[in-house]
Amino acid sequence: MPCPALPDGFDFTDPDLLHHRVPHPEFAELRAAEPVRWIPQTGNVAGFQDEGYWAVTRHADVKYVSTHPELFSSYLNTAIIRFNEHIQRDSIDAQRLILLNMDPPEHTRVRQIVQRGFTPRSVRALEGRLRERARAIAEGARAHDGPFDFVTEVACELPLQAIAELIGVPQDDRAKIFDWSNKMIAYDDPEYAITAEVGAISAAELISYAMNMAAERKRCPAHDIVSTLVAAEHEGNLNSDEFGFFVLMLSVAGNETTRNAITHGMHAFLTHPEQWELYKAERPVTAAEEIVRWATPVVAFQRTATQDTELGGKLIRKGDRVGLFYASANHDPEVFDRPDDFDVTRDPNPHLGFGGGGPHFCLGKSLAVLEIDLIFNAVADAMPGLSLVEDPRRLRSAWINGVKELRVSTAG
């Protein structure tokens with residue numbers, strides 16, 4: 001098959017592209033004909049002072065890069081595939097303090113500490129409380145007389161409340177976390193009028209909030225994860241700075257992503273009514289994983305080559321950036337039967353919505369799956385006749401498959 005001819009200037013990280021759609025047709029062309037493709041960028045549009053990146057679109061190749069951190073670094077240029085042309089290099093480098101942007105062995109040390117909060121026992125301990133919260137959220141939304149926004153009334157609430165439960169943030173403060181995390185990722189969307197400076201200020205406010213929480217737990221330990229992670233640094237726990245950056249990552253990785261998965265999942269159900277009827281009748285335990293595959297809230301992260309290497313028949317030079325397009329990998333027909341079908345009974349489902357394996361596989365996968373399962377069970381019980389009022393309003397972003405608004409109604 002000849003190499004696909006993408007339009008001149010086509011860039012999978014162009015925020016105008018994701019503002020309108022996920023480029024599945026173009027991904028399909030590359031997977032079939034040129035699964036590792038150089039995408040040129042000019043004018044420093046991504047903030048990296050380079051000439052572009054390699055787009056990796058096949059499931060197998062995304063997994064390979066993800067599981068070889070010695071060849072492909074998260075630290076050198078961070079995992080964020082596109083910032084903006086005005087960002088300063090020191091602002092990019094500062095993000096290396098976040099777990100997402102570390103490499104082993106430092107990544108290994110910090111991850112071994114923070115994963116204490118995501119043990120099966122820790123997640124099970126939250127299940128009863130989160131089930132009640134999910135039920136209350138769905139019943140509260142059902143009380144609307146007319147159309148309402150599913151994002152703000154339903155999808156955002158349980159992830160925020162789960163984070164609050166997990167790390168002991170007072171429920172009254174959850175709106176602050178929502179606002180700060182929104183501002184950190186919305187720098188590409190003009191509707192929010194969020195500048196890079198505002199995003200940086202929001203990140204600093206969130207880190208400061210978390211650091212103050214850590215300091216308070218050191219003075220007065222409680223029976224919560226914060227105390228477990230910070231109470232005794234000499235025993236291998238996090239210092240206040242590390243905890244601050246952990247909460248910053250959690251507010252995006254555990255909040256924005258799960259919220260968007262829930263929103264896309266609801267939209268998928270309402271545009272595939274046979275799947276909604278099946279779900280309401282059978283409540284398959286496989287549904288949450290299919291919702292994540294279908295949504296793929298993080299379209300792409302990146303790595304940077306630490307040495308010359310070959311991938312997909314292409315020579316990747318040391319220092320080249322490599323884009324891992326999870327949205328493409330999750331529709332790879334070599335791995336998934338009927339990948340363009342939304343099928344909540346899909347099993348097995350080896351999607352890469354939680355990462356491609358390796359050191360950066362999502363810490364909070366079990367919690368995210370639990371949240372998705374609980375909220376859709378609650379919505380099915382409380383609002384079985386939910387209907388779509390308007391098409392979703394999408395976020396303008398370079399790497400997040402986000403929805404700002406999804407108007408639905410319980411009437412009819």
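This briefing walks through the cores, aromatic rings, open spaces and backbone features of the structure above. The model is predicted, so local features need pLDDT of at least 70 and side-chain atom pairs count only at pLDDT 80 or more, while totals for chains, interfaces and linings use all residues. Residues are numbered from 1 along each chain as its sequence is written, and side-chain values use heavy atoms, with hydrogens and water left out.

**Nonpolar cores**

- A nonpolar core is a set of buried Ala, Val, Leu, Ile, Met, Phe, Trp, Tyr and Cys residues joined through side-chain atoms within 4.5 Å; buried means under 20% relative accessible area, exposed over 50%, and partly exposed in between, with a 1.4 Å probe and protein chains only.
- The largest core has 85 residues, and Phe150, Phe243, Phe246, Met266, Phe376 and Val379 touch the most other members.
- Helix H12 gives the most to this core, with 14 residues; helices (H or I, at least four residues) and strands (E, at least two) are DSSP runs, numbered from the N terminus.
- A second, separate core of 44 residues includes Leu18, Ala300, Ile316 and Ile400.
- Phenylalanine 376 is in contact with Ile262, Gly265, Met266, Phe269, Trp276, Tyr279 and Ile291, leaving aside neighbours within four places in sequence; contact means heavy atoms within 4.5 Å.

**Aromatic rings**

- Rings of Phe, Tyr and Trp (its six-membered ring) pair if their centres lie within 6.5 Å; planes under 30 degrees apart count as stacked, over 60 as edge-to-face and the rest as tilted.
- By this rule there are 18 aromatic pairs.
- In one of them, phenylalanine 10 and phenylalanine 12 have ring centres 4.9 Å apart and planes at 85°, so the pair is edge-to-face.
- Phenylalanine 10 is buried at 14% relative accessibility, and phenylalanine 12 is buried at 1%.
- Phe376 also belongs to an aromatic cluster with Phe269, Trp276, Tyr279, Trp294 and Phe342.

**Backbone features**

- Two peptide bonds are worth a look: proline 104 to proline 105 is cis, with omega near 10°, and aspartate 347 to proline 348 is cis, with omega near 5°.
- Proline 105 lies in the loop between helix H4 (89-94) and helix H5 (106-114).
- Threonine 78 is not a glycine, yet has a positive phi of about 70°; this residue is buried, at 1% relative accessibility.
- Threonine 296 has a positive phi near 35°, and lies in the loop between H14 and strand S5 (300-305).
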